[in-house]
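Please find below a short note for a colleague who is meeting this structure for the first time.

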Amino acid sequence: MQAFGYGSLGEDKKLEPVMFDRKTPDKGEVAFDVVYCGVCHSDLHQVRNDWGNTIYPCVPGHEIVGKVTSIGEGVSKFKVGELVGVGCMIDSCQECSACNDNLEQYCQGPKSCTLTYNGTKNPDGSNTYGGYSTAMCVREEFILRVPEKLDPKFAGPIMCAGITVYSPMRHFNLQKGQTLGVVGIGGLGHMAIGIGKALGAKVVAFTRHDDKVAQIRDLGADEVVVSSDDEQMQAAMQSIDLMVNTIPVAHDIAPYLTLMKPNGTLVVVGNMIEFKAFSPGPLVFNGINLAGSLIGGIQQTQEILDLCAEHDIKPSVKMIGIDELNDVFEELSNASQSDFRHVIDMQSFVKSDAVTNEQAKAIEAPIA
Ligand code: NDP
Ligand code: ZN
């Protein structure tokens, strides 16, 4: 089937309209029209090749809500017309111990898990294209139910930003009454505040910007610390049980270690590039655990969708047309965005010349 999207053809290129062929559903697969897709900072990292692993053309998008258009033989969980969700993965071996433990993101099979876009771990190195596109086809095991109580506009960001901060809260067993620290209040960070509160934690947000303090309090944070203010940082020393650090760039971790209680755990989810050299002394002397975490498994992603629906936890989103993506990327790269998450409404794109008159660049088909 013909699909249209926005993709980048090279590291220094902007996103532009593209068109390509998508497969129709085989056995066990579900095809859907994309209705909404959230914009994650990872999309920007991949398009700009910050992680050195991008294959072009790159069609990002992994916070996807769609409406089922057809199903392959044997699909039992989804029906035509139903709303469905897809997050950061579309495949894994389904056999290894990680997959058996519902941790498909850590699949130990030969291909590891296949990411929704730039899924470069396919054996032949070929690519996958994500949700900045009109249509997709995904195996049913990687498709999520969008809870009826949840406005579908909000579902996308929960399947990446939400699960990425929820999973470490569960894995490190965040308890009622414990103090959760959240560093970097953007797409991931703002969701961590609502989710941490729903789990009964006291939530302390760390931001660089004092002009964001009131907005962050409105999100439900019990305290907001401006990280550039030494006095405020000093006052927060040794106060945090679990910290989720979402800063998207290489940075100095040392100031954040001082905030941890003995036996506390600092989880890095944002920076995958490098840390400046730091002394492990505080880790040793205060028994601090330094950890990392990648999204979450499919079962847990469904769990956080359901939990957000039940507790009415909504990401704060600004709806955009797909042609606004390059501006949003610019804002994200300057960290100048005034909105926590952007979500593409695919409706306007479907009616645009790029689609109706096929005025989009033809690119090779993705493998999935
Ligand atoms: P956003 O850009 O929406 O938010 C990041 C926040 O970090 C900003 O709002 C800002 O918060 C802070 N920040 C930005 N730049 C800097 C800087 N130079 N120094 C210090 N703080 C900074 O990004 P997302 O929330 O979408 O993603 C965050 C990171 O998480 C990205 O690197 C992304 O790739 C990664 N990610 C990881 C996943 C995983 O599975 N581990 C899954 C999804 C995303 P403030 O203004 O409050 O200081
Ligand atoms: Zn993401």
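The points below concern a predicted model and take up a sheet, a residue and a pair of helices.

1. The sheet. Three strands form an open sheet in the order S1-S2-S18, and their pairing is mixed. Strand S1 (2–7) and strand S18 (361–362) each have a single partner strand and stand at the edges, so one side of each is left without a neighbour in the sheet.

2. The pairing of S1 with S2. Strand S2 covers residues 16–21 and pairs with S1 in the antiparallel sense, over six bridges. Glu-16 in S2 is the bridge partner of Gly-7.

3. The surroundings of Ala-291. This residue belongs to strand S15, which spans residues 289–292. Ala-291 counts as partly exposed because it has 15 C-beta neighbours inside 10 Å. When neighbours within four places in sequence are left aside, Ala-291 is in contact with Thr-265 and Val-267. From Val-30, Ala-291 is separated by 261 residues in sequence and by 35 Å in space, C-alpha to C-alpha.

4. The crossing of H3 and H4. Helix H3 (residues 155–171) and helix H4 (residues 187–198) have axes that come within 9 Å and cross at roughly 60°. The two helices, H3 and H4, are therefore oblique to each other. The crossing in which H3 passes H4 is right-handed.

5. The residues between these helices. On H3, the contact is made by Pro-157, Ala-161, Gly-162, Thr-164, Val-165, Tyr-166 and Met-169, and on H4 by Gly-187, Leu-188, Met-191, Ala-192, Ile-195 and Gly-196. Of the residues in the contact of H3 with H4, nine are nonpolar and four polar, with no charged residues.

Definitions and conventions: Residues numbered from 1 in each chain as written. Chains lettered and ligands numbered in written order. Predicted model: local features only at pLDDT ≥ 70, side-chain atom pairs only at ≥ 80, totals over all residues. Pairing = 2+ DSSP bridges. Helix = DSSP H or I, 4+ residues; strand = E, 2+ residues; numbered from the N terminus. Buried ≥ 20, exposed ≤ 12 C-beta atoms within 10 Å, placed from the backbone. Contact = placed C-beta atoms within 7 Å. Axes fitted to C-alpha atoms, helices over the stretch in contact; angles between N-to-C directions. Parallel < 35°, antiparallel > 145°, perpendicular 65-115°, else oblique. Left-handed = near helix turned anticlockwise from the far one by under 90°. Nonpolar A, V, L, I, M, F, W, Y, C, P; charged D, E, K, R; others polar.
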